[in-house]
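Please read them with the structure open.

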Amino acid sequence: MGSSKEEITVAERNPNQEVEAAREAFEREFERFARFTGSGVDISLNDANTEQRALAELRTKHLGKKSAIAGAKKLIGKVAPEERASFGQLVQQTEGSIAQRIDEAEQSLKSLIEAARIERERIDVTIPGRRPRPGHLHPITLMRQRIEDIFVSLGYAVEDDREIETDFYNFDALNIPEGHPARDPQDTFYTTEGFALRSQTSTVQIHAMQRRGAPVRMIAPGRVFRRDTPDPTHNPMFFQVEGLCVDRGITMAHLKGTLAEFVHRLFGPDTKTRFRPSYFPFTEPSAEVDYSCFNCGGPGCRICKWSGWIELGGSGMVHPNVLRAANVDPGEFTGFAFGLGIDRTCARIYQLDDIRLLFENDVRFLEQFR
Ligand code: FA5
């Protein structure tokens, strides 16, 4: 009587129970967040961020417009007047306590996130740094430096010069005119502009005499190029060191004495030299220089290929035509020159079977030679 259909429905819904059910549902879902308000919480920054988002969703679900509490609020005006005050209080208390619990968990999560962020960005300046792996000089460079040291101590200057050359310096000025058969074994790489990569460091003989005139005493270590097929003793790019001594009264005896002294200093005082007649267009007479094997001293071993001797390079007395090409008067000056292969010498000293290993750039191989 007198009660509307809606009031009956409200009565049927039992508002107090609904509020109680809303509180219980909240408690169940909130349980996992309760731990954040305790102490000693261990959580990663990522997990804390995820939990923060989940907590915001929980707030919407339990306090938002479509929450059970919001539904209960709408019932306040609809319950029987004598129950309205206590029901209203219950709704408010429940809502307040839910909000408070969420606020507390949110505060704690915020602090945890802040702490985790600081921890992540912390730099401990007292931790020793990771040491960079120190590099070292390439065996060819070490060999070149040893050779330079010896000649510098004998009064030679060290010349550096271009690797790309004209025909004049690589061939003509060295008494190798066009069509001369000596150009063949020194075939090199040409550019379209009439330049070529130098096939020997002998080119520096001309540059040095043009620059310095005579007398001159210099060595010129450097890279040279030839159209040689790579094999255990050949590379299309390798290193030579040129030597040149021009002065008044220089003879073959000076050449022999100088190279003998060089091998004594490099391989030891018992090392012997041997000069075999040879031919180079830019020296006359010419000789191949060998030194007695530093390993066996003569009887023969694997390193000297059982001959007792190891080839050092080519040498000879500077051809008058070469002196003339560099504006030095052959009537007044004479000189000797030599050219040694650094790669092969290096391979012998370090007992390598194959000079190609030197350019494979395998650090595990190279770091054995410091
Ligand atoms: C010359 O190059 C002359 N210019 C040397 C010279 C200088 C003679 C001054 C007289 C006066 P040859 O072509 O022999 O000579 O080379 C000299 C050295 O270079 C050789 O003994 C060898 O050790 C090295 N060599 C030659 N070709 C190669 C190659 N393809 N790979 C590695 N080393 C090589």
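1. Helices (H or I, at least four residues) and strands (E, at least two) are DSSP runs, numbered from the N terminus. By that rule the chain has twelve helices and nine strands. The model is predicted: local features need pLDDT of at least 70 and side-chain atom pairs count only at pLDDT 80 or more, while totals for chains, interfaces and linings use all residues. Residues are numbered from 1 along each chain as its sequence is written.

2. Overall dimensions. The chain has a radius of gyration of 46 Å, whereas a compact globule of 370 residues would have one near 21 Å. This radius is taken over C-alpha atoms, and the globule rule is 2.2 Å times the number of residues to the power 0.38. Along the principal axes, the C-alpha atoms fill a box of roughly 145 × 50 × 35 Å.

3. Burial. A residue is buried if 20 or more other C-beta atoms lie within 10 Å of its own, exposed if 12 or fewer, and partly exposed in between, with C-beta atoms placed from the backbone. Of the 370 residues in the chain, 30% are buried.

4. Arg302. This residue lies in the loop between S7 and S8. Arg302 counts as exposed because it has 11 C-beta neighbours inside 10 Å. Its C-alpha atom is separated by 38 Å from that of Glu165, 137 residues apart along the chain.

5. Ligand shell. The ligand is surrounded by 23 residues, the closest being His234, Phe238, Gly314, Gly339 and Gly341; a residue is near a molecule if its C-beta atom, placed from the backbone, lies within 6 Å of it. Elements giving two or more residues to this shell are strands S5 (237–247), S7 (283–292), S8 (309–318) and S9 (334–341), and helix H11 (342–349). S8 provides the largest share, five residues.

6. Helix H6. Residues 139–153 form this helix of 15 residues, which reaches 21 Å from its first C-alpha to its last, close to the 21 Å expected at 1.5 Å a residue. The expected span is 1.5 Å times one less than the number of residues. Pro139, Ile140, Met143, Arg144, Ile147 and Phe151 are buried in H6. They lie on the same side of H6 because they cover an arc of only 140° around the axis, an arc of the directions from the helix axis to the C-beta atoms. The face turned away from the buried side carries the exposed residues Gln145, Asp149, Val152 and Ser153.
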